[in-house]
Each structure stands twice: as C-alpha cells, then as structure tokens.
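Here is a short briefing on one protein model. Keep the sequence and the 3D view open as you read.

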Amino acid sequence: MVGIAAWGAYAPRLRLSRKAVTEANAWVAPNLRAKAKGERSMANWDEDALTMAVEAARDALGPDDDRSAVDAVYFASTTAPFVDRQNAGIVAAALTLEKAVASADVTGSQRCGLTALGQALAAVKGGASKRALVAAGEHRRARAASSQELDNGDGAAAFVVTAEGGAAEFLGRGSVTDDFVDHFRGADSDFDYGWEERWIRDEGIVKLVPPAIRKALEDSGLNASDVTHFCFPSTFPGMAASLAKAVGIAPEAVRDNLALTLGEAGCAHGPLLLAHALEQAKPGEVVLVAQFGQGAEALVFRVGNEAGNARPARGVTGSLADRKGEDNYLKFLTFNGLVEWDKGMRAEKDNKTALTTLYRNQDMILGLVGGRCRETGVVQFPRTRISVAPNNPGVDTQEPYRFAERKASVLSYSADYLTFSMSPPNHYGMIVFEGGGRIMMDITDVEPGEVDSGLAVRMVFRIKDVDEKRGFARYFWKAAPDRAAMAGDSALAAE
C-alpha cells in the first residue's frame, strides 16, 4: 500500500526570543507584549526556503549518497527564491539526483506542502513514480513590529513516498478549494497583507477545514474517533482543539503545534507536524494532518511497523534540540533584509554569476561532487582531467566522487574581521574528509572562539552570496559543526 517510507525535518539553529522583539518594539506596538512568550526559529543569513528543504531532504534520505532510485521530486514553498527558475531542479542538483528525475514546484497557498505530498502519493499509487521525494520549505518575511514577525517561523520537512510505504500507510485524502482570501502577497510585494482575524477564523477555517477532514476520513473508511494524532497548524490559540471538537476527534488526539518553540512555518508547518507525529506515534495509530489555505487539505495515515527503523537522524525532535537562543533583534532584521546598513567598501563588488560556468560545473558547485582516480584511488576537489596523485598524474582517470555526506573535520581555519561578512567574523578554513580529499570552504553556524583544529564538521547547503543587482542567489556548500558527533564523542569520553 502506498505511503511514507522515510521522512526528515530541519529548523535553523537560531531561535529568536519573542520577548526581545516585543521589548524592542514596545514604544510603538505595546500590544505585542501579549505575544512575548517562547521563541521562533530564525534562519541564518545564508539560509532560505530552498536550503532548508535540501537539509530536510538529506535527513529523509539518510547518509547514503546513492539516490538513483528517486524518480520524482516535488518542492513546495510560497517563499521560493526564484519565481522563474525551477527551484525543484536546484534541490535535485544539490541532492545529486539523476537527470531523468521528474520535478515540479508547488506553490500559491499555505496548504501547498500537503498538496505536494498528496500529489506524490497519487503519482506513486497510479504508477507514474516509484520513489518520490517531497520537500517543503518556508522562510517568510514580515514587517517589523507586526504580529506576523512573532508568529512566523522558518523550517522545512521532507518525505520519501513509495508503493510499499512501511513507515506510514496512506489511507485517504480530502480537499476543498475555495478562493477565500485570508491574506495575500502580490507579485511585486515583499510582505503579506492580512484580513481581520475573526473573519478568517469564523468564516474561513471553521467552515472550510471540517469538510476536508470529513472527506479524508470517509475516503479512509475511518471514524473521527479512530484518529490518534490530529495535526493542524494555526496561529489562533485553540483552533486545532475547536476543529477536533467540531468533527468528533478526541481532545487528547490534538497535538502541540510547536508555536512556542518553532513558530508557524507556513506551508511547511503541516508537513513538520506530520513528521513530528510520526517520530512519536506507535505502529497502528492513525495520524490526520490538515492545513488551511484557499480551502483546505487533509491527509490520513496509519503508522506502520517500520516507523521506528525509518526515524531520521535529526527530524523535528533533533532540530528542536539543536538550538541557540538569540536576543539580538537587530541581527534578525539585518539577516532578513529589513534594514539598510553600510556594508563598507569591501562589500562593493559586482556579484554577477557566469551562468555558463555554473552549468558546466553544476555537479561540483551544487552537488559538491569531486573526483576519485580509478588507478590510484586518490580523491580530490575539484575534479580535473589530470589527477593530483603524487608521481602518477593520470589523464582522464577520474570518476565522480560525492563529498556532501562524508565525515569531515577542520584542519586549519581563520576568523577574519577584515573581509566583508553578513555575520562577522568570516570563518573559513581547510576541511579534510574521511577517506581523502580536502576543500577550502566557509564555516557557518558558529560563534567566535568555537572553531578549532580537529573540530568535527558536516556539510550544509547554503547561500554563498547574492547578486542584489540582478536578484540571483548563488549556492554552495559550507562546513558546520557536527554537534551530534561531538555529543557522541563526549558521551564516550564520559564512560
């Protein structure tokens, strides 16, 4: 039976204190003090909806770099970095998927994450795909001193859909499409424009979501009382509980929507709640996830016996645990491009991207693929026609060698305050990989004094820089501390 074979999730490490935001804006918006509880996930300057979706997909696919079985990829987001360039194609390139993979961007509504998952399930069920990857990522910007600034959160979730399922069997789907405009963002707008909250709640959610839930349950052959876990993202307190009562789902089935620890991650939030439920649910339990947006989408799953084995290395639980509190509101505004600041003369350069070079070196730049000499086994980056093997410079002897999933550590590094950086100092260094190979690259998600020789790092897909004149984001890989590996080493040392 078609279903979910694996899943993954990602949330940025930085967590912005809502109290810090409300205190900074108290002089102009004292009403925001009511939202001062908890924290929200905050993307680093080099993260966006696409990079987070890639990280969630890597979490779902696991460390194996052979991904040739994936034959379709869906990317869902309302904040994709490109309007007219297929973002799913960048995801596929970063994950080194086969060129024959089918791909699609799904957007235009806050429920598009669940819509993409529903389309993947339908494609696999119909035989059009055998192993589909769905990745939803969101990085929504909001005006300073707005309630959305506090409610929103950044994050991503991903699922691998197969005919066998294993982790979660797909039981049914319900959809409602209605052009109910609770908010909108025009093609030339940077921010959403929202309507009155009571109208959205009473005329939108309350009337449009229950029919989708009932249709999904009918399609599944289940009753509302059979639902063990009910996931519904909303910034309105108690909204999920009200919906559960309206359709007959038990109150104890309503799950925490992660508002105090993550925020509301737009179209990725329904998938995130589903991923969180799968991490904690037991085999045989029923999970129903629904999301509102110009109608509603609802999906029903039964947790399978393989759910425990499919649990990702990071997932939602790991993402929530890997956090660093941030109370610098100005840093948040700067990272999100909400203040104009003097970057200095060192930032005055033309960042025009040579698209021909990007295409010819696509696997190296987006997939971090180097070379391995077939004759000597010497590994190198970048891949070149002539091998760097000592005393054996073979010509055309190299085969593709993927670095992204290899263990690595810092050999040498610099923390540079002279070069321009969005988050000074600019950390970079020589990274050496287990099995051979070394790359000089940027180091991200670190604080001054945290980097040292021997530090265990993992590769992360990030924004390298942005051509602001032409609106083109350039991506590459960076090194980030492998805190899971460091925690494991500390535990072994303690024993």
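Helices (H or I, at least four residues) and strands (E, at least two) are DSSP runs, numbered from the N terminus. This is a predicted model: local features need pLDDT of at least 70, side-chain atom pairs count only at pLDDT 80 or more, and totals for chains, interfaces and linings use all residues. Residues are numbered from 1 along each chain as its sequence is written, and side-chain values use heavy atoms, with hydrogens and water left out.

**Strand β22 and F476**

- F476 sits in strand β22, which covers residues 472-481.
- F476 counts as buried because its relative accessibility is 16%; buried means under 20% relative accessible area, exposed over 50%, and partly exposed in between (1.4 Å probe, protein chains only).
- F476 and G367 are 109 residues apart in sequence, yet their C-alpha atoms are 8.2 Å apart in space.
- Leaving out residues up to four places away in sequence, F476 touches M364, I365, L368, F381, V460, F461, R462 and K464. Contact here means heavy atoms within 4.5 Å.

**Helix α2**

- Helix α2 runs over residues 49-61. Its 13 residues should span 18 Å at 1.5 Å a residue, and the end C-alpha atoms are 18 Å apart, so the two agree. The expected span is 1.5 Å times one less than the number of residues.
- Of the 13 residues in α2, 13 are buried.
- At the start of α2, a side-chain oxygen of D48 comes to within 3.0 Å of the backbone nitrogen of L50.
- Just after α2, G62 has a positive phi of about 80 degrees.

**Helix α3 and N87**

- N87 belongs to helix α3, residues 87-94.
- N87 is buried, with a relative accessible area of 2%.
- A polar atom of the N87 side chain lies 2.9 Å from the backbone oxygen of F82.
- Setting aside neighbours within four places in sequence, N87 is in contact with L50, F75, A80, P81, F82 and D105.

**The second largest pocket**

- On a 1 Å grid over the protein atoms alone, a pocket is an open set of points with protein on both sides within 12 Å along at least five of seven lines, while a cavity is a set where a 1.4 Å probe fits but cannot get out; lining residues have an atom within 4 Å of a point.
- The second largest pocket holds about 940 Å³ of space. Grid points are joined across faces, edges and corners, and a volume is the space filled by probe spheres set on the points.
- Its lining has 37 residues, and R58, D59, P63, A313 and E405 lie nearest the centre.
- Which element gives the most to this lining? Helix α2 does, with five residues.
- The lining has 18 nonpolar, three polar and 16 charged residues. Ala, Val, Leu, Ile, Met, Phe, Trp, Tyr, Cys and Pro count as nonpolar, Asp, Glu, Lys and Arg as charged, and the others, Gly among them, as polar.

**Cavities**

- The structure has three cavities of 30 Å³ or more.
- The largest cavity has a volume of about 60 Å³. Its lining includes G367, E405 and W477, and divides into three nonpolar, two polar and four charged residues.
- The second largest cavity has a volume of about 50 Å³. Among the residues that line it are Y10, D322 and R483. Its lining has four nonpolar, no polar and six charged residues.

Note on methods:
Polar contact = N/O pair within 3.5 Å; in protein donor to acceptor, adjacent residues only side chain to side chain.
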